[in-house]
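Look at the sequence and the model first, then read on.

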Amino acid sequence: MNWTEVSIYTTTNGIEIINGALINLGIKDAVIEDASVFEDFLHNDTLNWDYYDEELANMKSCESCIKVYLADNDQGKQLFKEIEKFVESLKEEYKDIDFGRLDIETQILNDEDWANNWKQYFKPFTVSDKIIIKPTWEELNEPVEDKIILEIDPGMSFGTGQHHTTRLCIEQIIKYMEKDMEVLDMGCGSGILSIASLLLGAKRAAGIDIDENAVKTAKENAALNNIFEDRFMVYCGDVTEDENLQRKIGFNRYDVIAVNIIAQIIMGMSPTFPKFLKKGGLIIASGIIKKYVDDVVKDFEVLGFKILEINDSEEWVSITAKLR
């Protein structure tokens, strides 16, 4: 089978909104090229970078872009029409955000190219000088001291840790994680937040995602880090609708909930947060654009949370709050 590579050109500020819309369409396999990351590289001495792709040194510029891969069949063609439709609607829905040119370009790839093309964009990198996120197909060519190595192959699930939202979440997990805590990762994707928590000392973690592929990928990534079902359980389903699933996950059990999605989905899930958390438990939420921060803060406060921290990176915000 052939595949269609669809490239959507935007800005750093448009990346997460477009990716969230793609997820809502059921498209999980997104490759993100963030111009702000390239600019950081371009204007800093490479010695300050733990790892980098040498090809970057020869580039003069980079434009933010999201790439997705659609099967070259009727279903893929219908999804492409849906992508075109939501891209056209973006400027009307988010008038205060610069989405750039929003051009869509396509090219046909054969099966082998599609399976491996996106991997060239994912290189090892360090978060908070504490955790090295390392794709399974890359080698570490420099000495590693006092750092935790997190191996990951995100496959078709969103979550390599490279984007601002995931970094913000991991930074807060690093700050607040204590030995033997229990963590609930809602919308777990590749499992990166659960795995980071367990490597930092959590006793157990549970992940939940509506996508069966994400559940499979999260389990596989956990195994890459010698984490198995005695410490990490992953569930598939809609936690907002399925009461039986809620009971399986466990009420009043968790010290930390980590959720990295988008503001509207976070607020849709938020009534379940107090059910799952112990008294005094934490919610670490990311994937929120600045225009919705006040809405999420108000939502959390109504549910009985005290806001501890609000952190931002570019247009993206994380909120850390404590259940009173």
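## The sheet

Strands E5 and E6 (residues 131-135) run antiparallel and are joined by three bridges. Strands, labelled E and at least two residues long, and helices, labelled H or I and at least four residues long, are DSSP runs numbered from the N terminus. Thr 126 has Ile 132 in E6 as its bridge partner. Two strands count as paired if DSSP finds at least two bridges between them. In general, strands of a sheet pair through backbone hydrogen bonds, in a parallel or antiparallel way.

The sheet is open and has three strands in the order E5-E6-E7, with mixed pairing. Strands E5 (125-127) and E7 (148-152) are at the edges; each has a single partner strand, so one side of each lacks a neighbour in the sheet. From one strand to the next, the twist averages 30°. Helix H5 (residues 164-176) packs on the sheet and touches E5 and E6, and its direction makes about 50° with that of E5. Contact here means heavy atoms within 4.5 Å. Axes are lines fitted to C-alpha atoms, for helices over the stretch in contact, and angles run from 0 to 180 degrees between N-to-C directions.

## How the model was read

The model is predicted: local features need pLDDT of at least 70 and side-chain atom pairs count only at pLDDT 80 or more, while totals for chains, interfaces and linings use all residues. Residues are numbered from 1 along each chain as its sequence is written, and side-chain values use heavy atoms, with hydrogens and water left out.

## Salt bridges

There are 12 salt bridges in the structure. A salt bridge is a side-chain nitrogen of Lys or Arg within 4 Å of a carboxyl oxygen of Asp or Glu. One of them joins the side chains of Lys 67 and Glu 33, at 3.2 Å from N to O. This pair links distant parts of the chain, 34 residues apart: Lys 67 is in strand E3 (residues 65-71) and Glu 33 in strand E2 (residues 30-33). Both Lys 67 and Glu 33 are buried. Buried means under 20% relative accessible area, exposed over 50%, and partly exposed in between (1.4 Å probe, protein chains only).

Where do Glu 220 and Lys 216 lie relative to each other? They are four residues apart in helix H7 (residues 212-224), and therefore separated by about one helical turn. Glu 220 is partly exposed at 42% relative accessibility, and Lys 216 is partly exposed at 48%.
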